[in-house]
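Work through the following exercises with the model open beside the text, and try each task before reading its solution.

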Amino acid sequence: PAPPKGCHGLVELSGASGTIASGPGPTAPHLCRWIINSPSSVIVLHFTGVHVLGSEGRVSVFVGPSDVAAYQSNDVINWEKAFESFNGAVPPMPVICHASQVLIILEADSLHGGDDGFNATWSSGTTEAAKALIETDLARSTPPTEHRRSAHAGAHAGSAHTEQHRTAPAGHHSKEDAVQRLTVKAAANVGGAAN
């Protein structure tokens, strides 16, 4: 039989950092899998683009040699064992994995399979994990900036769109203040988790 459309099978990657572009997802019931082997005991996954739709579609991350060995080729997967699972069109916060080996599985929904996929990067080490914790804390603590198109933006064909930004109310800390505050907290969290 012809190979499934889009990604398929298992890809093994090694290094302290790298990228994954799944391309079009598999046709159901096929799975795409990537194993990342890092020289560090901490791997940070940044999903930069995600398009995984349907009730059965998902990206799942399994952490550590035992889970990687259990699910790298097994078609019967206990999805509840995943360290992180998500779907949709919004990338998740960085995923910090305290292991030198992770397995990422893309499962396609039967209706959307060939359209599903993701882009991701990975980095390694406690410094990268601390940066990811800061990024996550900032995203959770900073009120969103509101974007409003001006009433006449784009009224003329080919004209540039302008946007007005409303910043956070007075009393909120700047991004630089938040980074400074959270650096100590993130380093303490990473150091505690590594022990």
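**Exercise 1: a buried serine in a strand**

A polar contact of 2.7 Å links the side chain of Ser124 to that of Ser38, where a polar contact is a pair of N or O atoms within 3.5 Å, one able to donate a hydrogen and the other to accept it, and where residues adjacent in sequence count only if both atoms are side-chain atoms. The model is a predicted one, in which local features need pLDDT of at least 70 and side-chain atom pairs count only at pLDDT 80 or more, while totals for chains, interfaces and linings use all residues. Residues are numbered from 1 along each chain as its sequence is written, and side-chain values use heavy atoms, with hydrogens and water left out.

Task: determine where Ser124 lies, whether Ser124 is buried or exposed, and what Ser124 touches.

Solution. Begin with the location: Ser124 belongs to strand 9, residues 117–124, strands being DSSP runs of E with at least two residues, numbered from the N terminus. Ser124 counts as buried because its relative accessibility is 15%, the cut-off for buried being under 20% relative accessible area, with exposed over 50% and partly exposed in between (1.4 Å probe, protein chains only). Next, a polar atom of the Ser124 side chain lies 2.7 Å from the backbone oxygen of Ala16. Finally, leaving out residues up to four places away in sequence, Ser124 touches Gly15, Ala16, Ser38, Ser40, Val42 and Ile43, contact meaning heavy atoms within 4.5 Å.

**Exercise 2: aromatic pairs**

Task: state how many aromatic pairs the whole structure holds, and describe the one formed by Phe62 and Tyr71.

Solution. The search returns 5 aromatic pairs, counted where ring centres of Phe, Tyr or Trp (its six-membered ring) lie within 6.5 Å, with planes under 30 degrees apart stacked, over 60 edge-to-face and the rest tilted. Phe62 and Tyr71 make a tilted pair, with 4.9 Å from centre to centre and 45° between the planes. Both Phe62 and Tyr71 are buried. Elsewhere, ring pairs join Trp34, Phe47, Phe86 and Phe118 into a cluster.

Definitions and conventions:
Helices (H or I, at least four residues) and strands (E, at least two) are DSSP runs, numbered from the N terminus.
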